[in-house]
Structure formats: structure tokens, C-alpha cells
Protein chains: 2
Amino acid sequence: MSSTVIRNVRPLGREAVDVVLTQGKISSLLPVNSADPALATLIDGQGQLLLPALVESHCHLDKTLWATPWRPNSAGPTRNHRISNEQRLLKDFKVPMAERAGPLIEHCIAQGSLYYRSHLDVQTVWGLQHVKDMLALREKYKHLIDIQLVAFPQGGLLTVPGTVELMEQAMDLGVDVVGGIDPAGIDLDPIRHLEKIFSVATRYQSGIDIHLHDLGEMGRWEIERIADMTDDQGMQGQVMISHAYALGAFPPADLHALADRLAELQISIMTCAPPHVTVPPVTMLRSRGVNVCSGSDGIRDAWSPMGNGDMLERAMLMALRFNWSKDEDLAAAFDVVTQGGAKALHISDYGLDVGCAANLMLIPGENLPDVVLNRSPKRTVISRGKVVAKDGVFMAG
Amino acid sequence: MSSTVIRNVRPLGREAVDVVLTQGKISSLLPVNSADPALATLIDGQGQLLLPALVESHCHLDKTLWATPWRPNSAGPTRNHRISNEQRLLKDFKVPMAERAGPLIEHCIAQGSLYYRSHLDVQTVWGLQHVKDMLALREKYKHLIDIQLVAFPQGGLLTVPGTVELMEQAMDLGVDVVGGIDPAGIDLDPIRHLEKIFSVATRYQSGIDIHLHDLGEMGRWEIERIADMTDDQGMQGQVMISHAYALGAFPPADLHALADRLAELQISIMTCAPPHVTVPPVTMLRSRGVNVCSGSDGIRDAWSPMGNGDMLERAMLMALRFNWSKDEDLAAAFDVVTQGGAKALHISDYGLDVGCAANLMLIPGENLPDVVLNRSPKRTVISRGKVVAKDGVFMAG
């Protein structure tokens, strides 16, 4: 069986080693320059850092306008304006999803992301079109990346009749996770909304991932209710709350009891750490044992032309958001976009140990904090043991 | 006289033209593909955008640890801790400033910045060492870039006896601008502090640039006093307030009268748009006629390992800070790091018109908003009419 040797790399910045990859797995870690490359493909690691592939825990691949001509943003000021603006724009959009999300996926692979959770817009406006197109794309790229899909009721679940049925059809077609959105702010009936998504998830034995932008006391109250239902339904470890802006509205010490409950119920918190709104206190949450992951959210879509899918840049933005400058904090930012995502997405063979999937990145740098701040574009991305991108160029087409 | 023709470039994203550069100036703008390259050096613009060089309006080149081995940040939590930590670290630092700030300057040039205002740390701890070292560096790079230097009393002006005299000696040696720092928060006597720096500036007929981190009501009150003294001393157009966090603590509409006063007195506001603190409301300020510029602040120094000197990234971070997504807002972010800086720094021959300095950047992109969000590393930087950097590599050594 042919294998690959990566010679002279530093796992997470530690002492240099040789890494042997066999059948898409890390098969051994050897003293540097000791691996025999006779029967193997040799990659000269040149003392670069070896990292596990980045985890994109929250994106909206189906919505992207990537690889299409620039389109001035035409959305109104509120979340509801943005939803209706996107409905107008994406319904019958002339460039098919495969020609937008496909190039974006290849771009994100070249940045080093090989694991994704993408929310898939399920609305009566376009029925199951996004679902079908994205399932086909997932199939196309399954030899390179793992994509978890969330059935996401962007336009409202209860407020738009027919959406629950569409969500169930999406799950029948192979979507993995049941989504929710602002049970109060968008769907206007928090308890019925939560009851419904927990009931669908229980029936499909799937996880739940809820977009929660609701602010302040409202959002905190909803998080408490999500915790109640997670507990009642025995769904420990199956629930993610995305954004959770409300957790940034209180002194962190006031949230210790709630954080302890989230930790106990293994509810993950996803934050993009945006600067214009309150955001969850990542340090406190992690210190109480709450798992935190991150994502790009929208990337060049009808909501905003922002975003580039680079999860190392996201780690830097998180550090900037909290004014982190210490090595341990910068390493925590890196942990959020790697191990935090892997835990939230239940990736069992993730990491740099023997037996882990050979989904890796080589990048120049002195150490992890340096890598997070430098974000070198000179990345070598390895998927299933093979180089699939180099220096920002996708090569596995 | 030999000249240079840049063929087929789009000034700020507009219609393609040929641009002729002669004696370090833009000598003509011609219809695309009409310039005769017979006696000229030809640069094929390939339809890229042509931009004026970026303006770095607030940095601390003298403090950087750039190009030295990674050093975990060792500062305590407050501004005063960071000041004393830096004093310990930089005093007798074994790598001379030229070997840190020099490589950083070359890196920043390669990102497209050709105009700088750098605050120069004047403290009794190291006397005039920073001043002398930086004046030598300015001399070394004067054929490529313009650097304005500010005599900056980082450790306090009145609270540290001897600092005023050092500031005056710095001005005697050729430093351009009188600096100040938190007249209340650091120097503990706001009126005496302001009187002193206005008096030194008046004597040297120089401008003033005040670091103002003081928050909320305190900071706003200080900004009002700075306006008073600017008016009293007839220093319209000569004063910059850097950071001005306090302006972010109030509803923008409550600051209209103060903004109008800043506009009338031509006091510029410099903001790095950091996400962890209140920041000046850029859109409101600009709409009332206040000039706003931006800068990197510290770049890999004892304060923080953050920063990379890329002013296009700074424009993106500003857009992100305010959740801007409209073309006009993204163009405003670009304006802040170009024309806003040029106005604040009184660069008279700045821009893309005939007669302007040939200090330019070519960059791929569809239009200005795209350039701000994409921040392509494939930049061609032209200083005084000659290519000095390409694709991130400084070539004028």
C-alpha cells in the first residue's frame, strides 16, 4: 500500500517530526528525518507547522454569490428586510448554485477548511431546490470534505405554513440536522417553535442547530428554554446555539450558572465574534467547560458582500474582538476553529494523533499564535492523505 | 526625459485609461491603449484598478518587534501596566530599531502604504534614542516614502519631569508634530497638559496629534477643550485627535453640535475602528464634514502581537466594525485610508489627477468595494513613478 511521508513538520508548533500517512489516516509519527520514503510519496515539510484541517462550523454555502459579478447590496436595514431581499434575489437566480457554491467550496478548501456545517435555506419560496442542489454538491466533493447540512427555516417556521413539512422532506432526502431561527424575534412564538424543532429532531434522531440573534433578556430566556428542552428530551451533546448574541449582554460572572448548565448539557455555542453586536464571552464559557466553535456565516451573499471563508482569519478576528494578546488566548482562538468545531460536529477521528484522518494543513510560522496572526497564504492542504491545494490554489479538480 | 506608461488600468475602478508618469508625477491620463511606449518603460496594467498609495495615519514604528523572534506578550491588564512593561522590554533591547522598523517599513510599502504618520516615543527612560534612530530610518527611506513623526509622551508629559524638555529637543532635531496622551487618564491634569502641548506646538509652528483613550463623558469633555484651544490658538487644520473612543459612547445624533465644531476647526479624527471598545461614529462624523483617517496603531509590539500594517485590511476591519455592506459605505472605508489620511497629513499632491505624485498601487478587482473586501496580495506598488514592490515583495532595497 503506497503511503505519504511528510518530513520535518512541527505538530501545532511542537518539536519537528516525520508524519506517515497511510490509507487516508495518520499511521505514525516518527523522529524527524527518520521515515523511510522509499515506497512513499515524500512531502518536504521544511519545518512548517502541521495543523489539523480547519473546521467551518457555520456557513451558508447555498446562499453565496461567489464567482458571480459584483452586485451592490440591496437589502433594507432589518433582519426581515434582508430575508425578503434575499428571497427576491435568489429565487430563479440565473447562476445555478453549483457554479457559485462549488467555486466557494474549492476556495475554502484552499484556505484549509475540510469540515463544514452549512445551513440550507428551506423556505416555501423555493421549496426543496436549495436542498437538492446542495446534496448534489456534497456528493461531488465528498472525496475531499465532510459537509453536515442543517435544514434551516430562514423565513420562519410557524409563521410560514408549509415550512415544517418542507423541513421534514429535507430530512428525508438526507439533510443531517434540524435548524431553528429566533423563536421569538422571527417566529413570534418561542415555545411552539422550540417544541416543533425538538419534536422533528427527536423523530429523525438528529441534532439541532438554532440561529439565535435575539438580544439581551429575550435571548437569554430563550437559551434557558433550549436548555430545558435539551434536558427533557435527553438530547445532551446534540444541540448547538449559533450566534447567541444575548450572552454578550451581561457581565460574564452573571452567566456562570447558565454556562454550567450549557456545559452539563453539552450544548455548543457558535460565534463568528462580529464586532458590531454583543457576542458570547468565549473565555468565560470555555473556562466553565462550554464548547465554543466558529464559522464564517454568510460569504458574499445577499446579506452582505463580506466574508472570505478563511477560518484562520476568523480566529484572528475573534482575538481582535476580545483584544486578546496573550499566547494562551491566541491558542484558544485557534482551538475554537479546530477542536471546538470538531467536538461540536462530532468528528471522531479529528486531530494529529495516530489513527486520525489525514486531513491536515502545513503552514509557515513560528508557533500557533504567530500562525493565527500571520495567516500566511502559503498553505499546503492535505485531504484523505493527498495534497489538494497549495498556496491558495485548489488542485484536486 | 524617460517616463513610464501604465497601460490599461482603471482609476478607482472607473473606465480603463493609460497613465503616463514623468519625473515622479502623473503627467497625463490618455485613452486606453493610446499612449506611445516608445521612449517609456511600459507596465501592463491588465485592467487592474489603479489606486493612490495607502495612507498609514497612525502607527508606532519605533516600538515594533517585527522581524524578531516571537515573544509572548507579558503586559499587565491596564494601559499603565502596558506602558511600564514596554519600558522594561524596549530599554536596551538587543535588536536595534533599524533591524525591526526597517523590515516593517519595507513590509508596509509592499502592502501599498507610502505615507506615514508615526508616533515616536519620547520618554526619559530612553531619552532621545527613539528619535535619533527613527530620524536615521526616515532618511534611509526618504526616496520611497514620506514619514511624519510625532513627539509622543507615552509615559506622561507632566507626570514625568523632563519630558517636556525632551519633546522640545525632539522638535529641534526635526520631529514634525507635537503629541499628547490622555490629558486626564494618564497625565492627570487635563488643562495643564493641553496648555503645554498647544504652547510647544505654537512655538514650533507645528501640528498637534493627541492620543485620547479616555472614555465616555471624560473623553468628550476633553475633546471639547481641545476644540476650545484649537480655536483660541488659531490652529484650525493643525490638530488630530487619535482614537477618540469617547465619541462612540453616545448616540451619534447627540454629537452633531460637537461634530460641527470639529468640522469647522478642521480637527481630524483618527480611528483604527477596534472591536473591543467604543469607537467614533465614522458615518455621522463624515456626514457633518469631519475628516476621518485611520492607521494600524501598534504592529507586533510590546502592547500586542496583533497588526500587519495592511491599510486595505484596516478598511475592511472598519467596514466590519460598523457592519457596512453597501457600496457607498465600503467606498467610504477606502476613502478613510486614502483621501482621509492625505487630508489629515496635508499631502498636497495626493490622488490620481495630472500633477499628483506618482505614488500608486495596482491591484486586481472589480471595483473599490471588491478591492476592500478581497484585499488581494497581488499588489504592484509604485513610488515616485517606479515599481518598488510586487506581490507582497519589497524590491527597492
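The structure is a predicted model, in which local features need pLDDT of at least 70 and side-chain atom pairs count only at pLDDT 80 or more, while totals for chains, interfaces and linings use all residues. Residues are numbered from 1 along each chain as its sequence is written, and chains are lettered from A, with ligands numbered from 1, in the order in which they are written.

**Chain A as a whole**

- Chain A holds 11 helices and 17 strands, where helices (H or I, at least four residues) and strands (E, at least two) are DSSP runs numbered from the N terminus.
- A compact globule of 397 residues would have a radius of gyration near 21 Å, and chain A agrees with this because its own value is 21 Å; the radius is taken over C-alpha atoms, and the globule rule is 2.2 Å times the number of residues to the power 0.38.
- The C-alpha trace of chain A spans about 65 × 50 × 40 Å along its principal axes.
- Of the 397 residues of chain A, 53% count as buried, a term that applies if 20 or more other C-beta atoms, placed from the backbone, lie within 10 Å of a residue's own.
- Among the contacts in chain A with a separation of 6 or more, 75% join residues 24 or more positions apart, a contact being a pair of residues whose C-beta atoms, placed from the backbone, lie within 7 Å.

**Helix α2 of chain A**

- Helix α2(A), residues 98-111, has 14 residues and reaches 19 Å from its first C-alpha to its last, close to the expected 20 Å, which is 1.5 Å times one less than the number of residues.
- Because 11 of its 14 residues are buried, α2(A) is largely enclosed by the rest of the structure; the buried residues include Leu104(A), Ile105(A) and Cys108(A).
- After α2(A) comes Gly112(A), whose phi is positive, near 115 degrees.

**Helix α10 of chain A**

- The 18 residues of α10(A), residues 327-344, should span 26 Å, and the end C-alpha atoms are 24 Å apart, which agrees.
- At Asp335(A), α10(A) bends by about 45 degrees, the angle between axes fitted to the seven residues ending there and the seven starting there.
- Helix α10(A) is mostly covered, with 13 of its 18 residues buried, and is followed by His346(A), whose phi is positive, near 55 degrees.

**The contact between the chains**

- Chain A and chain B each give 21 residues to the contact.
- On the side of chain A that touches chain B, the elements giving two or more residues are α9(A) (311-321) and α11(A) (368-374), and the largest share, three residues, comes from α11(A).

Terms used:
Contact = placed C-beta atoms within 7 Å. Buried ≥ 20, exposed ≤ 12 C-beta atoms within 10 Å, placed from the backbone.
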